[in-house]
Amino acid sequence: MRFSASVATDATAAAAATPVGRRSVLAAAAGAGALAALGAAAAPASAQGSAHAHGSASAHRPVGVTVTARPAAETERLRLAQALRGSEFTPTGRYVPPGAPLSLTVQPHDGAVPTLWIGAWDYYGEIKEPRSYPLTAGANTVTDPHGGPVYLTLAGDGERAGVVFRSGSSAMPVFTLGSTREAEYQRQLDTLTASPYVELHAPHTIMTLTREGALLHRGEDHAALLRLVEQIIDSAARISGLDGSKPVHRRKSGPYHFTEVSKVPTGVGAYATHGYNGFPRAYLDRATTVEGLRTRGWGLYHELGHLHQQMAYKPGGLTEVTVNIYSLAAQRALGQPSNLLTVDPVTGLTAFQTSRAKFGTAGLTYEKSFGAYEKLVPLRQLELAFGDDFWPRLHRLVREENPQSDYTENAKRYRALATYSSRVAGHDLTDFFIGTWAFPIDATGKAELAALNLPKPPVDPSTLSD
């Protein structure tokens, strides 16, 4: 099922979803370990999951990969109390042509056998997702009708397995942060032309591009680009309170997957769904250039944010709002001015100013009376009133309590936003949410807020602005 930019992508579907699941899209307006590669084959390694390539990168000589098990993506989604699953892929740096028999041998060092995946994510394209192939110990032959990049998954806790690619695959051009030099990557682009895909790897990043897309901006400093992507991912982790203070607060296992996709619907600039973020070629000037991503990368910050949203306080009407908690955090990390301070060319006012002018007007409702950035203002005001650690503390509290709600229970999730915010603030925010911003908090929510028996805040958060 497809969803417009304003429609929720919810967690209840995630638990029983297909690998693609329900979608959330953005309108166009709107354990760093060693990284090892031999020859042109490259794959990231981390403390939680790794694939180390060894042997020749030739299509005709065996190439060995060791993969280390980590928690499955759905297990991580549940631990983090999030709406969407993240990636669980370990990239191998290999490409398989359509219909080519791929010969490989599995060595289950610790009794664990991985699953092989072939293909690229592309929800709106003709071929929408990679295909999975269960493997067995010993010799395996897999033939995929469409071909594509090769990945492995292995769910567990540190178990290791080896996979030797014997024939049928070739090396993709891969730039791996920390081990690939720019000149070597450029040589790969010139010589490894059999693969129509190129990848950029970092400890928390897989970026899959078509060859044509990669060549558009091949002159970039790719180490600087990946360091920037890692900085953006880190900003989302920090605003999410993923500080490792308890096991439940460790960062997601494995990398985030950013993928060039063949098409998006009219009016859609990029999208987020289970496992990856999709970006059309028209967005690559922002996603794959240092200056573009640093100064015009709101779309990537936003889509990555969808993979951090927590379900408990994300009613359908806030799917495209709470996501920008992470977008604003990325802007601050990069030293950008806040989008909430952008002056509207028509009114000459910021979102803080235009929203304030609406307070107390007849028929005011949060969902219908405020624009997209105006809806984000109260979420920023909570930080201004109660500290930069407001959202990290709220994320941690939600993870520890992990309240459940069906995706249809919007009223319950609106109540959770108000009550969790009040608990984290240590103040009664009834007037803020209901009186000023006209959030749809029902009678049950009002009673829950009153039962907290908290004092009124010393300063009205709705008066604050950046």
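This is a predicted model: local features need pLDDT of at least 70, side-chain atom pairs count only at pLDDT 80 or more; totals for chains, interfaces and linings use all residues.
1. Start with the open sheet. Five strands build it, and reading across you get β9-β8-β11-β6-β13, with antiparallel pairing. The edges belong to β9 (131-134) and β13 (170-171); each has a single partner strand, so one side of each is left without a neighbour in the sheet.

2. Ser195 is worth a stop. You'll find Ser195 in the loop between α3 (182-191) and β15 (197-202). Its relative accessibility is 0%, and because buried means under 20%, Ser195 counts as buried. The Ser195 side chain reaches the backbone oxygen of Tyr197 at 2.8 Å.

3. What does Ser195 touch, leaving aside its neighbours within four places in sequence? The contacts are Tyr95, Ala171, Met172, Pro173 and Arg211.

4. Last, the helix pair. Helix α5 (residues 222-239) packs on helix α8 (residues 298-306) with the axes 10 Å apart and an angle of about 45° between them, which makes α5 oblique to α8. From α5, the contact uses Ile232, Ile233 and Ala236, while α8 brings Leu300, Tyr301 and Leu304. As for handedness, α5 and α8 cross in the right-handed sense.

Definitions and conventions: Residues are numbered from 1 along each chain as its sequence is written. Side-chain values use heavy atoms; hydrogens and water are left out. Two strands pair if DSSP finds at least two bridges between them. Helices (H or I, at least four residues) and strands (E, at least two) are DSSP runs, numbered from the N terminus. Buried means under 20% relative accessible area, exposed over 50%, partly exposed in between (1.4 Å probe, protein chains only). A polar contact is a pair of N or O atoms within 3.5 Å; within protein, one must be able to donate a hydrogen and the other to accept it, and residues adjacent in sequence count only if both atoms are side-chain atoms. Contact means heavy atoms within 4.5 Å. Axes are lines fitted to C-alpha atoms, for helices over the stretch in contact, and angles run from 0 to 180 degrees between N-to-C directions. Angles under 35 degrees count as roughly parallel, over 145 as roughly antiparallel, 65 to 115 as roughly perpendicular and the rest as oblique. A crossing is left-handed if the near helix is turned anticlockwise from the far one by less than a right angle, and right-handed if clockwise.
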